[in-house]
Amino acid sequence: MKIKMAWPCLLFLAALFLSAGAVAEPDNEDKPFAEKHVVLQISDPNPFKQTLVLNVANNLIKHYGQDKIDIEIVAFGPGLRLLLADNSNLSRIDGLSSQGVRFSACSNTIKAFTKKLGKEPKLNPHSTRVSAGVVRIMDLVDQGYTLIKP
Amino acid sequence: MKKFIGYAAVLTASMMTGSAHAANWLMLQGTESSSSAPRAKVWGFIQPEFQSTSGTELAAGPWKGQDAAFNMIGPDLDSSDTFQIRRARIGVRGTGFGLDSGVNYFLLVEAGNNGITKLGGGGAVKATDASVTFNYIPHARFRVGLFKTPGSEEGLMAIHVFNYVNFTSMARQQLLERFLAEDGSRTGTDKEVTNAPVSAIGAFRDIGVQVFDTFKNGNWEHSYAAMVGNGNGIDWSDNDSNKDYYLYWASELVFGGKKARRQGWKMFAWYNDGTRTLEYVNGVAGKQEFDRKRWGFGTTYLKGKWRAAAEFTWADGMIFNGSDGGAVAGSLNNAGTSRASLNMLPEDKADGWYVDLGYKVMPQLELDVRYDILHRGTETDKGQRDFETWTLGAQWFFNKKARLIANYEIRSAEAPGWSSSAPPNKILDGMDDRFSVQILAIF
């Protein structure tokens with residue numbers, strides 16, 4: 001009797017697990033009411049792209065509202081210059097960060113910059129290091145984030 | 001003394017509240033945006049223009065009936081109405097190595113028709129800027145090379161946002177330096193009597209080292225610059241062992257906006273001290289050195305539709321004194337006994353000021369009016385000449401990068417130490433008004 005009851009329970013749990021795996025739901029504690037989840041990629045050396053990616057983040061917040069959208073900007077390659085401590089967009093990054101936008105800095109790129117500079121570059125205090133920018137983007141996409149590369 | 005030290009401490013503390021990437025000429029021309037500047041940004045501008053006067057000839061003096069230099073269009077002085085490419089500049093600027101915002105560079109060359117390419121032998125293309133800035137020391141950036149000297153707003157501001165076609169008389173005659181080897185006292189018909197400039201016009205530039213920075217305190221920005229340079233304009237090296245020294249201070253209440261069209265109210269003061277060498281003075285051959293000092297203060301205002309500026313400038317030593325009889329330098333007098341020379345008053349003085357007002361009647365159209373006056377050679381009654389100009393202008397902005405400027409200059413001049421019927425005043429009475437139209441296209 002005990003074995004007979006166990007089978008349906010196991011099947012139910014398996015179905016629950018599979019369904020959870022098939023449709024990942026982004027879960028960000030800072031943005032519990034977010035209905036949209038976006039990851040913005042900045043990997044371009046063109047400085048105009050820095051302004052553009054910040055503009056896109058700002059416009060998304062304006063459109064959906066600060067609480068309804070969850071944005072993470074992932075910087076890697078030459079795009080990491082956006083998150084260097086002396087970047088001239090510092091005040092804009094401050095502003096976006098205060099509205100809940102997260103900034104991720106690629107550790108691989110930091111290592112490469114360190115090699116070229118002879119010292120580790122100082123990062124914007126609002127940035128968080130991730131092991132690899134591309135991996136971070138893939139993980140976020142797996143979680144249901146929409147990838148936008150302005 | 002304690003009070004003074006207290007004020008100094010407060011001032012220093014307020015300056016140290018934060019370094020800003022401010023939009024002012026020192027920063028715009030000498031630095032790049034940290035970690036967001038391109039390695040190499042190619043840019044430039046072209047200024048085709050048409051200028052015209054009535055071409056009134058000299059009414060008196062040994063060159064009577066010949067072209068009056070002040071009614072001809074420079075730099076060639078061949079015609080009283082001409083199309084020309086006033087400026088055609090192309091340059092590249094950036095950080096070179098994008099990961100390090102500590103170093104940036106600025107290179108610009110001129111291929112237009114002006115005193116840079118035409119005077120002193122000139123050349124079809126000439127470098128006007130070639131500088132490297134080091135931003136490693138807090139509050140003390142170093143700029144090294146050839147660049148605009150910290151000084152008068154008219155000279156320091158970027159020419160592609162200059163609101164008129166021509167400079168004021170003070171700036172054109174006494175700040176925009178002509179490098180002459182003699183004072184013009186040599187007589188005769190030989191070619192060297194002309195006393196033509198030995199090098200390109202100064203172009204408000206020098207080669208040297210400048211330390212500068214800008215500090216932000218609330219809505220205020222304070223900028224300083226100190227420079228030592230050759231005092232030989234855009235020539236690649238010095239022509240003597242004397243150096244020029246420059247000091248500059250500006251404080252600006254920033255209203256908003258950014259870059260060259262930033263809105264704010266700025267006050268500034270500047271000082272330039274140098275020495276020049278002449279090889280023939282008062283009819284005597286032999287090298288002699290003379291002080292050349294320039295200083296001034298002024299203000300600019302830009303808010304909404306209104307724009308205003310005023311500057312007061314003084315010059316002591318090496319006063320450019322035009323040409324003999326108002327004739328085009330190099331031309332023979334009617335008797336064929338003397339050639340008109342360019343002249344310098346090595347130990348005289350001059351002063352001048354201007355007030356400038358602009359109003360945007362619509363987003364595309366700005367109307368401008370400027371009054372300027374120059375008192376030249378003020379140490380002697382007979383030698384003094386006064387130049388007064390009202391400039392009426394209109395600027396039509398096609399877009400942010402292209403505009404048309406139309407100016408009408410109501411010009412007059414007099415020799416106050418002479419009677420109205422005396423030859424100097426008869427000559428100056430013939431000064432024509434000048435009409436000019438200029439297109440500016442930035443790329």
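Predicted model: local features only at pLDDT ≥ 70, side-chain atom pairs only at ≥ 80, totals over all residues.
A residue counts as buried when its relative accessible area is under 20%, as exposed when that value is over 50%, and as partly exposed in between.

**Stop 1**

Start by selecting B:F83. Is this residue buried or exposed? Its relative accessible area is 69%, so B:F83 is exposed. With 21% relative accessibility, B:F50 counts as partly exposed.

Over all chains, a search of the whole structure turns up 16 aromatic pairs. The rings of B:F50 and B:F83 sit with their centres 4.8 Å apart and their planes at 45°, so this pair is tilted. Colour the strands and you'll see that the pair links distant parts of the chain: B:F50 belongs to strand β1 (residues 41-52) of chain B, while B:F83 belongs to strand β2 (residues 81-94), 33 residues apart.

**Stop 1: a stacked pair**

Next, pick B:F297 and B:F312. This aromatic pair is stacked, at 5.3 Å centre to centre and with 25° between the planes. Again, distant parts of the chain are linked: B:F297 is in strand β10 (residues 284-303) of chain B and B:F312 is in strand β11 (residues 306-316) of chain B, 15 residues apart. As for accessibility, B:F297 is partly exposed at 42%, and B:F312 is partly exposed at 30%.

**Stop 2: side chains over rings**

Now show B:K303 and B:F255. B:K303 lies over the face of B:F255, 4.8 Å from the ring centre. Then try B:R370 with B:Y164: here B:R370 lies over the ring face of B:Y164, at 4.3 Å from the ring centre.

**Stop 3: where the chains meet**

Finally, zoom out to see chain A with chain B. Here, 11 residues of chain A are in contact with 12 residues of chain B. Between them the two chains bury about 970 Å², and 58% of that is on carbon and sulfur atoms. Select A:R81, A:D86 and A:S88: these supply 48% of the area that chain A buries against chain B, more than any other three residues.

How many salt bridges are there across this interface? The rule finds 0 between chain A and chain B. On the side of chain A that touches chain B, α2 (47-64) and α4 (107-117) each supply at least two residues, and α4(A) gives the largest share, 3 residues.

Key: Residues numbered from 1 in each chain as written. Chains lettered and ligands numbered in written order. Heavy atoms only, no water. Phe/Tyr/Trp six-rings, centres within 6.5 Å; stacked < 30°, edge-to-face > 60°. Helix = DSSP H or I, 4+ residues; strand = E, 2+ residues; numbered from the N terminus. Buried < 20%, exposed > 50% of the residue type's maximum accessible area, 1.4 Å probe, protein only. Lys NZ or Arg CZ within 6 Å of the ring centre and 35° of its normal. Contact = heavy atoms within 4.5 Å. Buried area = accessible area lost by both parts, 1.4 Å probe. Salt bridge = Lys/Arg side-chain N within 4 Å of Asp/Glu carboxyl O.
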